[in-house]
Amino acid sequence: MITISPIERILRGIAITLVILFFMFPIFWIFLMSFQTNETILRVPPSIVFEPTMSNYSALITGKLETNAGLLEFEFMRNLWNSFFLSVSSVAVGLLLGVPAAYAFARLKFRGSEDIAFTLLSFRFAPPLLVLLPLTIYFQQIGLANTYVGLIWVYQLIVLPLILWIVRGYFEDIPADVEHAYRIAGHSWAATFRKIALPLAGPGIAAAGLLAFIFAWNNFIFALVLASADKQPVTVGALAFVTASGIQYGQIAAAIVLSITPTLLLALYAQRYLVEGLSLGAVKG
Amino acid sequence: MTDAVLDRVPRRRVRISRKALPYLLSLPALLACIGILIPFFTAVAYSLQRYRLSQPWARKWNWGENYLNFLSDPSFWNTLQVSMTYAFLTVGIELLLGLGIALLLQRRTRFNNFVSIMLLMPLMTAPALASLMWKLMTNPGFGILSYFATLIGIEDFRWASDPSTAMLTVVLVDVWVYTPFIMILLLAGLRSLPRQPFEAAALDGVPRLFVFWRITLPMLTPFLLTATLFRMIESIQQFDIIYAMTQGGPGDKLTVFQVEAYLNFFQSTNVGRSAALLMILWVITYLLSNIFVKNWLRLREKQRGAI
């Protein structure tokens, strides 16, 4: 084993502390801010000692914001619901479309399979606005403008490549012999897929779904371009909220906390799979 | 019992469609994406047209004119320069920082694993919301970072609203969000390296700096390359962080490709110019992603080959 000198140990300790401070402090600070009134937020010098208040959260939940100009109705809860609904539906559609395709790419090598798989992957890297701007015009013509269906469809741009390439890796990891044995025993292809491949790749499919959910939730540009207020998820809603609530900083902080908590919790839960997911199935954690 | 019946029926059907089966399985995914391919070609067409939403009657093909105009258009060169600056600054800093942190956390101890999980939190925060968080922290009135700046003697540091520090501020947010991405890929890479070369070097008393440059770094190269290219592709397309922070301002200090294209489309309603800008961005990302995919595939095969 490599021995570490005391000086190096101290230096390492300092470095790690600085790293943790830099990456954790913003979340910690915004979290504190969300429990403060404007008065304590505006104190100079800032202090972490204050009397916590739930007023910011209750204002958000009831949708009645206090501003200098009086009471303002803002349905932030609706944005939260939109985020939830859009992410869940996109992932469901993505899994439905992506898992069979992933299986086809992993198991049944066919002509053009790699080309198709890479075409799907390339969507992950193209500038989203390139597709979104013409889509705004098309969606108006075919009646999909500002609809959940249209948004869920566009969300496949990020959800599908992710699911396809992660799940494909999991299918490839299943020894083909297991499936062959089941087929030879006289079972159909569909039964093999359902009873052998799907359960064995189960954890991978779940991981891909969770990650796709996080990416869908965190997306900003799709809804900014394609959705108006009643369909907007939290990422876009929060920005509008900042404009609407003006200088009610505690409420803004509370809105941010509510918006980022779901993905942070999911990430902690799914952290084992994050490396694999983030590298689109290339690197194992 | 029902299983036995069910299984016998599809068996015959499968034999008929055996060749078609893989296509049938991947077709739905593909169809969903055709709806995305069509607008792509529409965008190509737009980029070859004189097309302003405010003057639909004057819409006509002008072929390469939008692109030719860029040559003498200072705001285009500004966009190119700002985008490149942003991409190189963010990826460069994130690479150094990410490698440093990965090396610090390399050993598999409980503490190190815990820290690496905690550090993922910024990466899981929506970039647009991360920008808002930093906006609150850099507010000149009450922002904690502005307060820290006065503590070290910098009075009236205006962060994103000052043209000279706007780039620094958005780069900082990007570094906060995406360094963990590079860190976690490199950490996985470091931990997957074979032990023998390191043990042999330790036995021979090879200096550790030498080990780092001659063994660790070369063996880590595929991971470094994949992480760098991946971030490069995303960074040159950055929109969320910049738009949420300043919408491209102050002035045109932060009008990177996608922000400029967005403003062109929705504010000046110049569809042709907006599409041409995006096409140029697409060519850049396409070239980068081709190199990326090659490396990524090699890495993927190597990592899977171990099983």
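The radius of gyration of chain B is 25 Å, whereas a compact globule of 307 residues would have one near 19 Å. These values come from a predicted model. Along the principal axes, the C-alpha atoms of chain B occupy a box of roughly 70 × 65 × 40 Å. Within chain B there are 14 helices and 2 strands. Of the 307 residues in chain B, 41% are buried. Where contacts in chain B join residues at least 6 apart in sequence, 70% of them link residues at least 24 apart.

Chain B also touches chain A. The contact draws 76 residues from chain B and 84 residues from chain A. On the side of chain B that touches chain A, the most is given by helix H2 (residues 21-47) of chain B, which supplies 17 residues. The table divides that side of chain B by residue class.

| Class on the side of chain B that touches chain A | Count |
|---|---|
| Nonpolar | 58 residues |
| Polar | 13 residues |

One helix of chain A may be described in detail. Helix H13 of chain A, residues 249-269, contains 21 residues. From its first C-alpha to its last, helix H13 of chain A reaches 30 Å, close to the 30 Å expected at 1.5 Å a residue. Where does H13(A) bend? The bend, of about 35°, lies at Ile260(A).

Notes
Residues numbered from 1 in each chain as written. Chains lettered and ligands numbered in written order. Predicted model: local features only at pLDDT ≥ 70, side-chain atom pairs only at ≥ 80, totals over all residues. Helix = DSSP H or I, 4+ residues; strand = E, 2+ residues; numbered from the N terminus. Rg over C-alpha atoms; globule rule 2.2 N^0.38 Å. Buried ≥ 20, exposed ≤ 12 C-beta atoms within 10 Å, placed from the backbone. Contact = placed C-beta atoms within 7 Å. Nonpolar A, V, L, I, M, F, W, Y, C, P; charged D, E, K, R; others polar. Expected span 1.5 Å × (residues − 1). Bend = angle between axes of the 7 residues up to and from the residue.
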